[in-house]
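Work through the exercises below with the sequence and the model open. Each task is followed by a solution in steps.

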Amino acid sequence: MADMGEGGSGGGHDKGKKRAKKSSTRVDMTPMVDLAFLLLTFFVLTSTFSKPKVMSMVYPAKPDPLDLTKPPKINNAITFLVTEDKLFYYTGQYYSVPTGDKPATVLEETNFGPKGVRKLLADLNKSVLRGKEGLDKQLENKEIQDSTYLRKLIDLKKEKEALKVLIKTDDKATCKNFIDLVDELKIAEIGVIAPVDILASELELLKSKIK
Amino acid sequence: MPKIKIPKSSPSIDMTPMVDLAFLLVTFFMLSASFRSSEPVEVDVPSSISDKIIPENVLLVSIDKGGRVFFNMSDPEARRELVTNMIGKYKINLTQEQIDKFTYMTTFGCTMQELPQYLDLDAEKRKSVNTKGIPLDSLNNQLQDWIYYGNIAALNTGKTNYEEAKLNGEAPEMNDFKPKFILRVDGKAVYVHAQNVINVFRDLKLNNLNFVTSMEMAPL
């Protein structure tokens with residue numbers, strides 16, 4: 001490799017005559033190549049390509065202690081209880097003891113995989129997902145504009161039939177669990193996501209379920 | 001018997017195309033590279049399908065695996081204003097040099113009382129120094145002050161930038177210049193730590209938060 005300079009250029013010896021040595025036109029490129037690859041390796045290893053992405057979350061405002069109006073009753077809600085790598089849920093209102101004709105709330109277990117929570121949410125939030133499909137088709141056929149599409153999508157997520165989700169975490173849940181769950185909710189086009197504090201009785205129920 | 005003659009070929013190869021390619025790649029990586037700024041805290045963020053790129057004017061709170069809290073702000077001008085307000089409030093004296101250092105520093109996590117010593121360290125040593133993070137308990141909620149004054153400072157610089165863009169004949173949106181609040185949490189950190197920080201934000205009526213995530217493919 002190193003003796004590239006010799007190649008080809010006819011260097012015959014002429015007897016007697018003194019001639020200035022013909023220097024080859026080719027330069028030894030090896031050191032330059034070495035350097036080029038060194039730089040290449042350096043930049044490949046140090047560069048970060050993708051800028052970090054962000055996932056936005058809107059938290060409910062803290063209730064004003066002077067505001068005595070009762071919080072609005074939520075219908076069509078599902079509550080997720082998150083603990084370390086495990087996920088439980090119940091639908092509708094929470095009853096710690098049987099009230100009226102409603103039995104006490106029982107927790108159902110699910111998981112973070114596509115067959116668990118994703119399927120569950122897709123079933124429960126059918127009306128929005130179906131509506132979105134229709135809008136997608138309209139957008140594809142250029143029947144509506146981009147801005148109209150976005151506005152209609154937001155309206156759709158606010159509809160009465162749309163699923164509302166409450167997230168409660170215990171003291172063992174990790175941030176990864178939480179973000180995975182929120183991610184699933186975004187996949188399922190859930191408009192109302194509310195992370196709220198867990199009730200003591202719910203915590204008891206959760207603990208008994210984990211054991 | 002006739003011998004088969006193998007034509008002698010030179011052992012050296014023409015490297016020019018390879019070199020061309022190597023330099024092309026070097027140039028590409030050099031121009032496209034954005035360097036990671038060295039951070040004193042390691043945070044391994046979880047992934048999500050979100051494809052929103054991190055905004056320009058941000059207040060960034062990092063929470064590491066052990067639940068220590070760190071603070072950072074993107075705009076140097078705003079940082080200067082912030083630290084001036086903070087030393088006024090906590091009655092701590094900083095030299096002009098220390099203020100300059102703060103202005104061009106990255107993420108930090110120490111109490112106000114430790115700040116002068118922390119600023120005197122050089123960037124490498126800051127990484128190894130073991131701080132407890134910014135305190136945020138209800139008796140000594142320094143994080144709340146950082147966020148409160150940071151928000152004001154970032155709003156001011158945002159407004160200046162907005163006016164400037166307007167003078168340049170652009171049609172800027174005020175919302176793009178307002179500070180955004182970013183949480184960079186480690187996936188392994190317990191959510192309660194994040195919840196404490198979120199509650200500080202909510203106490204200040206800042207309810208719109210963003211989590212830094214790495215990208216993952218959306219399911220079809």
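**Exercise 1: helix 5 of chain A**

Task: compare the length of helix 5 of chain A with the expected span, then decide how enclosed the helix is.

Solution. Step 1: helix 5 of chain A covers residues 175–187, 13 residues in total, and the distance from its first C-alpha to its last is 18 Å, close to the 18 Å expected at 1.5 Å a residue. The expected span is 1.5 Å times one less than the number of residues. Helices (H or I, at least four residues) and strands (E, at least two) are DSSP runs, numbered from the N terminus.

This is a predicted model, in which local features need pLDDT of at least 70, side-chain atom pairs count only at pLDDT 80 or more, and totals for chains, interfaces and linings use all residues. Residues are numbered from 1 along each chain as its sequence is written, while chains are lettered from A and ligands numbered from 1 in the order in which they are written.

Step 2: eleven of the 13 residues are buried, so helix 5 of chain A is largely enclosed by the rest of the structure. Buried means that 20 or more other C-beta atoms, placed from the backbone, lie within 10 Å of the residue's own. Among the buried residues are Phe178(A), Ile179(A) and Leu181(A), but also Lys176(A), Asp180(A) and Glu184(A).

Step 3: after the helix comes Glu189(A), with a positive phi near 60 degrees.

**Exercise 2: the strands around the helix**

Task: in which sense do strand 6 and strand 7 of chain A pair?

Solution. Step 1: strand 6 (residues 164–169) and strand 7 (residues 192–195) of chain A are parallel, with four bridges; pairing requires at least two DSSP bridges. Ile167(A) has Pro195(A) as its bridge partner.

Step 2: together with helix 5 of chain A, these strands form a right-handed β-α-β unit. Right-handed means that, with the strands pointing away from the viewer, the path from the first strand over the helix to the second runs clockwise.

**Exercise 3: the contact between the chains**

Task: how many residues does each chain give to the contact?

Solution. Step 1: chain A gives 42 residues and chain B gives 48, where contact means C-beta atoms, placed from the backbone, within 7 Å.

Step 2: on the side of chain A that touches chain B, helix 1 of chain A supplies the largest share, nine residues.

Step 3: strand 2 of chain A also pairs with strand 3 (residues 52–53) of chain B, antiparallel over two bridges. Here Val54(A) is partnered by Lys52(B).

Terms used. Buried ≥ 20, exposed ≤ 12 C-beta atoms within 10 Å, placed from the backbone. Contact = placed C-beta atoms within 7 Å.
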